[in-house]
Amino acid sequence: MNDTFLSNLKLALDNCISETDSIRWMFCNNPESDFSRDRKISFADYCNFMIQMQSKSLPNEVMDFFGHTQDCPTASAFVQRKYKFLHEGWNYLFHLFVSEGYSLRNNTYHGYRLLACDGSDVNIARNPDDEETYIHEGEAGYNAIHVNALYDLTNSVYCDFLVQGKKKLHGRSALNAMADRYDSRAKAIILADRGCESFNVFAHMIRNGFKFVVRMKDINSNGILSAYALPDTEFDSYIWTTLARRHTKETINNPDAK
């Protein structure tokens, strides 16, 4: 059963790459020429190579993928291909594949998808001139991006992501953006940590039809709960829901407000 699913998933990926290939001109630096001639590295080869890359050096990755033969493409040939395909193309391929994956398996919890929102830092090549990613820390400093993601717990798949420079990190705006572009026809419950505690976030969730569970800072902190005279014990969640809806009423009408 699992082998059949994986085979169908691989077939779905191949079909998504083929569909993206048919409109690749939309995502190329030079639409009239990029990937238009027969080369050792076709568009499908390039996409599959990027997806299957591990942690080896680029020359070794190329040889492992294309075979250790005399006519194996060079690493420089791959780099040339890399700069022809824009990141919007990868974004399109990702969401197309996620959509195809849901057609194969769409498990729910009482009719809802359970979507966990979280993020991770990823260090990248050092570049002090990059204001969005450079962190001045220690003697040399470093560069990093932050990958915000929505993970579908019921289907074990990442259904959306948004990359931000760590210096310009704003997790709440990332969650709002992913919520706004989510397919509203599929009911979902969003689970988020304390970094997403905001009436603005609540307004986006309500406007887009989500149920949501957000971890809050306690009443003795500087979080939202500290503004209310709440008991320092467990209390009925209905009370908080009523308070939240009262204060998000105006924000729903203007969800982009701070």
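Modeller: We shall consider the strands and then the nonpolar cores. This is a predicted model, in which local features need pLDDT of at least 70, side-chain atom pairs count only at pLDDT 80 or more, and totals for chains, interfaces and linings use all residues. Residues are numbered from 1 along each chain as its sequence is written, and side-chain values use heavy atoms, with hydrogens and water left out.

Biologist: Which strands pair with S5?

Modeller: Helices (H or I, at least four residues) and strands (E, at least two) are DSSP runs, numbered from the N terminus. Two strands pair if DSSP finds at least two bridges between them. Here S5 (residues 188-192) runs parallel to S1 (residues 113-124), joined by 5 bridges. S5 also pairs with S6 (residues 211-214) in the parallel sense, over 4 bridges. Ile190 is the bridge partner of Leu115, and Phe212 in S6 is the bridge partner of Ile190.

Biologist: Is strand S5 mostly covered or uncovered?

Modeller: Buried means under 20% relative accessible area, exposed over 50%, and partly exposed in between (1.4 Å probe, protein chains only). Of the 5 residues in S5, 4 are buried.

Biologist: How many residues has the largest nonpolar core?

Modeller: A nonpolar core is a set of buried Ala, Val, Leu, Ile, Met, Phe, Trp, Tyr and Cys residues joined through side-chain atoms within 4.5 Å. The largest has 26 residues, and Leu115 and Leu150 are among those with the most contacts inside it. Helix H6 (171-180) gives the largest share of this core, 4 residues. A second, separate core of 17 residues includes Leu13 and Phe27.
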